[in-house]
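Dear colleague,

Please find below the structure that I am handing over to you. My account of what was found in it comes after the sequence and the coordinates.

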Number of protein chains: 2
Amino acid sequence: MTSLPTSLLGDLDPTSDRAVFRQIADQLREAIDRGRFKEGEKLPSEAELVEHYGVSRMTVRNSFSILQGEGLVHAEHGKGVFVRPRPPVRRLASDRFARRHREQGKSAFIVEADAAGSHPQVDSLEVKEEKASQDISTRLGSVRRVLARRRRYLLDGRPVEFATSYLPLDIARDTPIAEPNPGPGGIYARLEELGHRLDHFEEEIRARMPSPSEVKTLRLASGVPVIHLIRTAYDTEGRAVEVCDTVMAADAYVLSYQLPAT
Amino acid sequence: MTSLPTSLLGDLDPTSDRAVFRQIADQLREAIDRGRFKEGEKLPSEAELVEHYGVSRMTVRNSFSILQGEGLVHAEHGKGVFVRPRPPVRRLASDRFARRHREQGKSAFIVEADAAGSHPQVDSLEVKEEKASQDISTRLGSVRRVLARRRRYLLDGRPVEFATSYLPLDIARDTPIAEPNPGPGGIYARLEELGHRLDHFEEEIRARMPSPSEVKTLRLASGVPVIHLIRTAYDTEGRAVEVCDTVMAADAYVLSYQLPAT
DNA sequence: CAGGCATACTCGTATAGACGAGTGGGCAAG
DNA sequence: CTTGCCCACTCGTCTATACGAGTATGCCTG
């Protein structure tokens, strides 16, 4: 009689034409939405639900897989199925590249995370010259080879973002930009020092499900989309001087933009 | 001997510790990525894959469910499993609310879609007064009741966006804004005519998996996230005069912003 | 020729059972 | 008390089977 967890759930409606596994998923979803199961809390085990509803185990698993696809729950082998906690989100404001934010010695990511009380990390640093993809080449204005700077950002040990900056070789080669650590203010500060005064940025935003490799590098739970942001930096002469391709765990971000009403 | 479709696929590696259904999913994914199966094309049927790999049907279905979760394929009852075509995307530029775009008689959505050669529609029109949610009330500056304008946008018959505008009653009541069709230039033009000169907009962007009701109203395939955009319009006195809550099918949109380097 | 039906093929749903593997608690041996 | 093992419980993977329901095709009938 340890049926306390399942006592929060109702019965099936045999007359309904809604599939049984959907009905079960509906009940679990509603229970979660109503807070009957709280964040991080364990849901009834598959065996308990099998008994409660009188269905087979695969049916229950089918229900769970729906909720997983919705990003509501996640299963842990040997432990159970848990309500997925909403992680703290990182807000990216549209003025995050303003010059006034470029004065400190540390990177914007580190400063901001420290301020928010999180523990920031950057890893997977890689800086190398390579052939530009078709897309990058187009964005940079028909450039063949580029300097690529890759890095992964983590908050409290959790990967949240993976970014690659591409710069034309004639700009970046043999400059601090080609160093693993480009110095205070990041590569935008270096670009300006090198005489490429920045005029504006263009950001393209998409959202989609992650590729398997993105799931791996961002350690994404199932049911978590990614935000794909492609930023192009233009100097005052209208030349594209950098393209930054960023993939973010969507559950960790809110992007914020300010637009003039012109 | 109609095994042509499966001849594009390899064998399983029994020594691998990767689960069989993942191996099958991997092979199908790779075949799709390489263009062996083109957009809209039918994949081998479950039965064919069962025979090709010598596994049970549930294993094959498990593989398909992975690919569905990734948004790569979609199943059609009685027909087969197909490579999901990438729909044409709608680009939203950050200057889309500039005054110069507000001069025509038709709504921005209609004009833009016509220009792109698509057939635009707007439906589910609903305009009513209601109690403001906690969030909306906060954004509008402690407003109790609001005018809510709901509408759904479709391109070539496919729903792509569902939006709700919330306006304080003291601004919108008994004005053209409370009419189903607010007239040329939309509600922003009306707001300015009413003396609320717009100063700037703030947009918050999130991406997540859709709720069941969003799946329904946007007719979303599985594996398609939504972009959730919340825009607040401010007048020159700094007052929030409108909040627009928009849910977009992520596979139908690219958002584009232009940021000054300040 | 047109319409309708039979049929084969598709995926959808559900059952029952088996074994594997990760986790954690309790018990027994040292 | 500590160590180590066993066991119970968890989810992961896979098989085999059954029936239902949507789709397309071709044949048969009128």
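Predicted model: local features only at pLDDT ≥ 70, side-chain atom pairs only at ≥ 80, totals over all residues.

Residues are numbered from 1 along each chain as its sequence is written, chains are lettered from A and ligands numbered from 1 in the order in which they are written, and side-chain values use heavy atoms, with hydrogens and water left out.

Chain A as a whole

Chain A contains eight helices and 10 strands; helices (H or I, at least four residues) and strands (E, at least two) are DSSP runs, numbered from the N terminus. With a radius of gyration of 24 Å, well over the 18 Å that the globule rule gives for 262 residues, chain A is more spread out than a compact globule. That radius is taken over C-alpha atoms, and the globule rule is 2.2 Å times the number of residues to the power 0.38. The C-alpha trace of chain A spans about 75 × 45 × 40 Å along its principal axes.

Of the 262 residues of chain A, 49% count as buried. Here buried means under 20% relative accessible area, exposed means over 50%, and partly exposed lies in between (1.4 Å probe, protein chains only). Among contacts (heavy atoms within 4.5 Å) in chain A between residues at least 6 apart in sequence, 59% join residues at least 24 apart.

As to charge, chain A carries 38 positive and 39 negative side chains, and the centres of the two sets lie 2 Å apart. Lys and Arg count as positive and Asp and Glu as negative, whereas His and the chain ends are not counted. The place of a charge is taken as NZ of Lys, CZ of Arg, CG of Asp or CD of Glu.

Salt bridges

Over all chains, the structure holds 50 salt bridges, each being a side-chain nitrogen of Lys or Arg within 4 Å of a carboxyl oxygen of Asp or Glu. One of them joins E46(A) and R57(A), at 2.6 Å from N to O. This pair links distant parts of the chain, 11 residues apart: E46(A) is in helix 2 (residues 46-53) of chain A and R57(A) in helix 3 (residues 57-69) of chain A. E46(A) is buried, at a relative accessible area of 16%, whereas R57(A) is partly exposed at 49%.

R206(A) and E204(A) also form a salt bridge, with their closest N and O atoms 3.0 Å apart. R206(A) is partly exposed at 27% relative accessibility, and E204(A) is buried at 10%. In chain B, D26(B) meets R18(B) in a salt bridge of 2.6 Å, N to O. D26(B) is partly exposed, with a relative accessible area of 22%, and R18(B) is partly exposed at 39%.

A network of salt bridges links R91(A), D135(B), R139(B), E204(B) and R206(B).

Individual residues

L167(A) lies in strand 6 of chain A and is buried, at a relative accessible area of 0%. Leaving aside neighbours within four places in sequence, the contacts of L167(A) include L140(A), V146(A), I177(A), I187(A), L191(A) and V241(A). Its C-alpha atom is 9.5 Å from that of A132(A), 35 residues away along the chain.

A233(B), in strand 8 (residues 226-235) of chain B, is likewise buried at 0%. Not counting residues up to four places away in sequence, A233(B) touches several residues, among them Y188(B), L198(B), F201(B) and A240(B). The C-alpha atoms of A233(B) and E202(B), 31 residues apart along the chain, are separated by 6.6 Å.

T138(B) belongs to helix 5 (residues 134-140) of chain B and is exposed, at 54% relative accessibility. T138(B) and A240(B) are 102 residues apart in sequence and 10.0 Å apart in space, C-alpha to C-alpha.

Finally, D156(A) has a positive phi of about 50° although it is not a glycine; D156(A) sits in the loop between strand 5 (145-155) and strand 6 (158-168) of chain A. D156(B) also has a positive phi of about 50°, and D156(B) is in the loop between strand 5 (145-155) and strand 6 (158-168) of chain B.

With kind regards
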